[in-house]
Amino acid sequence: MDEPRYPRGEDGEAPWWTGVIYQIYPRSFQDTTGNGIGDIAGITAHLPYLEDLGVDAIWISPFYPSPMADFGYDVADYTDVDPLFGTLGDLDDLLSQAHRRGLRVVIDWVPNHTSDRHPWFIESRSGPANPRRDWYVWRDPRPDGSPPNNWSSMFGGPAWKWDEPTGQYYLHSFLEEQPDLNWRNEDVRHAMFDTIRFWLDRGVDGFRIDVAHFVMKDPMLRDQLDPPARPRSMGHPDVHGVYRDLRTILDSYDGERFSVGEIHLADPEEWASYYGTDNDELHMPFNFSLVKTPWDAGAVRDRVEAIEAAVPDGGWPNYVLGNHDERRIAGRVGRDQARVAMMLLLTLRGTATLYYGDEIGMQDQEIPPDAQQDPFGHRVPGEGRDGCRTPMQWDPGPAAGFSTAPAVDLWLPLNADWATTNVAVESDDVTSMLSLTRRLLALRTRMPALRSGEYRTIDGLPEGVYGYERALALDRIRVFLNFTNESRTFDLHPGRVLLSTDPDRTGVVDGSITVTPNEGVILV
Ligand code: GLC
């Protein structure tokens, strides 16, 4: 039999990062100070919950000092904690308590841009002769005074901001408060890699790299041509050198330090190039294809097969159902299919990244215009990302247990369903989304085939049903997911039910099965 293809860690087993990563948006997880905004101590307080849930690691969205123009994705100091979230001491405490519980900690690293209040940018902006001028991307206007090229900001409008006092434009691929660093400048590279070493030395286990593909742009900053022309404002091949260097730094530390890049690229081959030609770049580029694919058995199967084909030998796939930029899975596909989606996420071959609140089936919340926070939504109506960032729902008490502040003072309003969709209520209900998620995570831990086994599509299933096998040595686990709200009957090899989204299904399946509407079932 072929050796199963999964990465080997320091002990020869699958490394921790092949498991399940739980994403925490720190503003929204737990407030311990009563100001209506979550903090680091709030995360530490819930480590027992996360350990019990059965995840391997947490990833914390930015907590750095920041003017919060983009809620922390505008970093003013890469080596500290914003007072809003706590102190460096709180972070050290979180790290040591997480490690004691066997949980790894991944933090966000935002290399493409800083805040416009970062001391580097303040210096850079002070004048063309400043030694840090070249740390950012400054250019003269065109002869008619217009921006140097036609690039657009991802948040709408031109990607260039005119700086009257120094008579040049600077590049901002996102908000004008987020000027792009010039990664072609060696000093920038060194300074940014030093920030990585700072956290590695403190015991951080890995980095989620914000818009990782953006750091290298067309060196001549030429105009963007119409599609299907390649983008010029991101993804220049020189980007691979940056991540080879990063990998060298990570590998020079013990303890399986890890990197995952936020990379939105539709072309599977280009996406996969971020693993490196010899698996020497990122451990993985985030795979958002399940977020982008229509919720349909055939479409999802095709995407999974495309990912399986694209991931290079020695590389490891990964899947994501949602994050702080996307609508929540339960909002996109509905409550019942969210259960099927969770089974899919936790049984495919690859690291699963689970967004906080999805384990209890949190929905997107409609945010009234006067409560809107997200700058993207302010600039481009309809694009606001607040709906998926509402406070975590812990219990049916005041402010859903998120804060001691009155609910009206929370930074974003609670989701309307907080009194019924919450950790406390769902913990007592064996049929809840939380109970299903816990059982799926426990099964993944118990069954090495689910964690590390090979993936194979099962053909010949009725329309609307997607099935696959996970195989390791002699173990064979089969997963059947009914994407429709009708029953479906089909023949299969007999097997024993390990888990179903339908709590009534147990025992042995003999020769044929009728899956109920929206059912997912795992057989051994
Ligand atoms: C990434 C983040 C997003 C942020 C943007 C700019 O896409 O996930 O939240 O607004 O980068 O940093």
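How much space lies in the largest pocket? In this predicted model, the largest pocket holds about 820 Å³ of space. Its lining is made up of 33 residues. Those that lie nearest the centre of the largest pocket are Asp325, Phe376, Glu383, Gly384 and Arg385. Sorted by class, the lining of the largest pocket has 12 charged, 11 nonpolar and 10 polar residues.

The second largest pocket holds about 300 Å³ of space. It is lined by 19 residues, and Arg8, Trp17, Arg247, Asp251 and His283 are the closest to its centre. The lining of the second largest pocket divides into eight nonpolar, six charged and five polar residues.

Pockets are open; the next spaces to look at are the cavities, from which a 1.4 Å probe cannot get out. There are three cavities of 30 Å³ or more in the model. In the largest cavity, the space comes to about 60 Å³. Several residues in its lining can be found along one stretch of the chain, including Val430, Thr431, Ser432, Ser435, Leu436 and Arg439. Leu499, Ser500, Thr501 and Pro503 also line the largest cavity, as does Arg339. Two elements, helix H14 (433–446) and strand S16 (495–500), each supply at least two residues of this lining. H14 gives the most, with three residues. By class, the lining of the largest cavity consists of five polar, four nonpolar and two charged residues.

From the spaces, the reader can turn to a group of strands. Strand S3 spans residues 104–109 and is mostly covered, with five of its six residues buried. S3 pairs with strand S2, which spans residues 57–60. The two strands run in the parallel sense, and four bridges join them.

Within it, Ile107 has Phe207 of S7 as its bridge partner.

Terms used. Residues numbered from 1 in each chain as written. Predicted model: local features only at pLDDT ≥ 70, side-chain atom pairs only at ≥ 80, totals over all residues. Heavy atoms only, no water. Buried < 20%, exposed > 50% of the residue type's maximum accessible area, 1.4 Å probe, protein only. Pairing = 2+ DSSP bridges. 1 Å grid on protein atoms, 1.4 Å probe; cavity = no way out; pocket = protein on both sides within 12 Å on 5 of 7 lines; lining within 4 Å. Points joined across faces, edges and corners; volume = space filled by probe spheres on them. Nonpolar A, V, L, I, M, F, W, Y, C, P; charged D, E, K, R; others polar.
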